[in-house]
Amino acid sequence: MVHALHEVHRVLAPGGVLIDARPDSRVAASIARRRPRGFQVFGSVRTNRVELANDLASDRAITRVVGEGLFRRKRRGRFWHRVPFASLPDLRQYLREHLRFVHGATWVVDEVTRRRYANDQFVIRRAVRFEILEARRDLRAGN
Amino acid sequence: MASHRVAELGHVGKHVPSVSSILRPDPLHELREWGGERLVRRKRVLDLGCGDGRFALGIAPLASTVDGLDPDADAIRTARRSARRSGLGNVRFGVGAAQRLPYRDGAFDVVLLSWTL
């Protein structure tokens, strides 16, 4: 990852920006039933361990290139994104195939409630984080 | 095909592979969250890990040029097809890896690592 970021720095003009955006694995995603007005939370779902480790490695890589003076942190933030599903079984199918999430949800409603509303529309509401970094001149190389 | 089913359902996910870009935020929505169109307007943009070109094609009308790079040759074929259909002349896609970028020094004003790093 660090090598890739060195390459990004090379192809960026001085003062150019790197935008790093990815799902925010530090925050659990919520599962909610769509209602005529708003949503009813049914549970939550976490990121799996492998992806958590990958995200930490990405964070470390960014920190390293900032420490090397190649980039300057300009701004960061987070926004929420809803992934919609036609039904609860469809959402569960999605979780079974998903590469980032654990395959099972943690429910805050009982099974009877889940069955009753299984054919309603559902969403997974997940956080997306982003950071904008400015490319600095590489003083080490004299560039 | 999964994407057709999603389209029929109004972008409701129904047995869509989890890596499908269709379930990601809309490019312009994502751009607004990052700070707005000014980030890419009339800029030379590189979308690293562009996949099927979802983001690159979404911002191409704003940017000066957009290059998309991804190691997945199938995804790049899809991206090129989409670019041809859209008629956008300022987008190019290539197969490659971030560890060795096939571009000259200082070639871009903006590099996006959108759901990539």
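**Exercise 1. A residue in helix α2 of chain A**

Task: Leaving aside its neighbours within four places in sequence, which residues is A:E51 in contact with? State also where A:E51 sits and whether A:E51 is buried or exposed.

Solution. 
Step 1. With neighbours within four places in sequence set aside, A:E51 is in contact with A:L99 and A:R100. The model used here and in the other exercises is a predicted one.
Step 2. A:E51 has its place in helix α2 of chain A.
Step 3. The relative accessible area of A:E51 is 18%. Buried means under 20%, so A:E51 is buried.

**Exercise 2. A loop residue in chain A**

Task: Where does A:A118 lie, and which residues does A:A118 touch, not counting residues up to four places away in sequence?

Solution. 
Step 1. A:A118 belongs to the loop between α4 (111-116) and β6 of chain A.
Step 2. Not counting residues up to four places away in sequence, A:A118 touches A:S87, A:L88 and A:P89.
Step 3. Take A:L88 from this list. A:A118 and A:L88 are 30 residues apart in sequence, but their C-alpha atoms are 4.9 Å apart in space.
Step 4. The relative accessibility of A:A118 is 16%, so A:A118 counts as buried.

**Exercise 3. Two salt bridges in chain A**

Task: Side chains of opposite charge can pair when their charged atoms come close. How many salt bridges does the structure hold over all chains? Describe the one between A:D59 and A:R129, then the one between A:E131 and A:R73.

Solution. 
Step 1. Over all chains, the structure holds 20 salt bridges.
Step 2. In one of them, the side chains of A:D59 and A:R129 meet at 3.0 Å, N to O. A:D59 lies in helix α2 (residues 49-67) and A:R129 in strand β6 (residues 122-135), both of chain A, so this pair ties together parts that are 70 residues apart in sequence.
Step 3. A:D59 has 21% relative accessibility and counts as partly exposed. A:R129, at 13%, counts as buried.
Step 4. The side chains of A:E131 and A:R73 meet in a salt bridge of 2.7 Å, N to O. Since A:E131 lies in strand β6 of chain A and A:R73 in strand β4 (residues 71-85) of chain A, the pair ties together parts that are 58 residues apart in sequence.
Step 5. A:E131 counts as buried at 9% relative accessibility, whereas A:R73 counts as partly exposed at 29%.

**Exercise 4. Chain B as a whole**

Task: How many helices and strands does chain B have, and what pattern do they follow along the sequence?

Solution. 
Step 1. Chain B has 4 helices and 4 strands.
Step 2. Along the sequence, their pattern is α-α-β-α-β-α-β-β.
Step 3. Chain B has 117 residues, of which 50% count as buried.
Step 4. Among contacts in chain B with a separation of 6 or more, 61% are between residues 24 or more positions apart.
Step 5. The accessible surface of chain B is about 5700 Å², and carbon and sulfur atoms account for 50% of this area.

**Exercise 5. Arginines of chain B**

Task: Which residues form a positive surface patch with B:R81? What is the phi of B:R42 near?

Solution. 
Step 1. B:R80, B:R81, B:R84 and B:R85 form a positive surface patch.
Step 2. B:R81 is in helix α4 (residues 73-86) of chain B, and at 40% relative accessibility B:R81 counts as partly exposed.
Step 3. B:R81 and B:P102 are 21 residues apart in sequence and 22 Å apart in space, C-alpha to C-alpha.
Step 4. Most residues other than glycine have a negative phi. Phi of B:R42 is near 55°, a positive value in a residue other than glycine.
Step 5. B:R42 is in the loop between α2 (27-34) and β1 (44-48) of chain B. B:R42 has a relative accessible area of 67% and is exposed.

Terms used: Residues are numbered from 1 along each chain as its sequence is written. Chains are lettered from A and ligands numbered from 1 in the order in which they are written. This is a predicted model: local features need pLDDT of at least 70, side-chain atom pairs count only at pLDDT 80 or more; totals for chains, interfaces and linings use all residues. Side-chain values use heavy atoms; hydrogens and water are left out. Patches are made of residues with over 30% relative accessible area and no salt bridge: like charges are joined within 9 Å, nonpolar side chains (Val, Leu, Ile, Met, Phe, Trp, Tyr) within 5 Å. Accessible areas come from the Shrake-Rupley method with a 1.4 Å probe; for residues, only the protein chains shown count as cover. A salt bridge is a side-chain nitrogen of Lys or Arg within 4 Å of a carboxyl oxygen of Asp or Glu. Lys and Arg count as positive and Asp and Glu as negative; His and the chain ends are not counted. The place of a charge is taken as NZ of Lys, CZ of Arg, CG of Asp or CD of Glu. Helices (H or I, at least four residues) and strands (E, at least two) are DSSP runs, numbered from the N terminus. Buried means under 20% relative accessible area, exposed over 50%, partly exposed in between (1.4 Å probe, protein chains only). Contact means heavy atoms within 4.5 Å.
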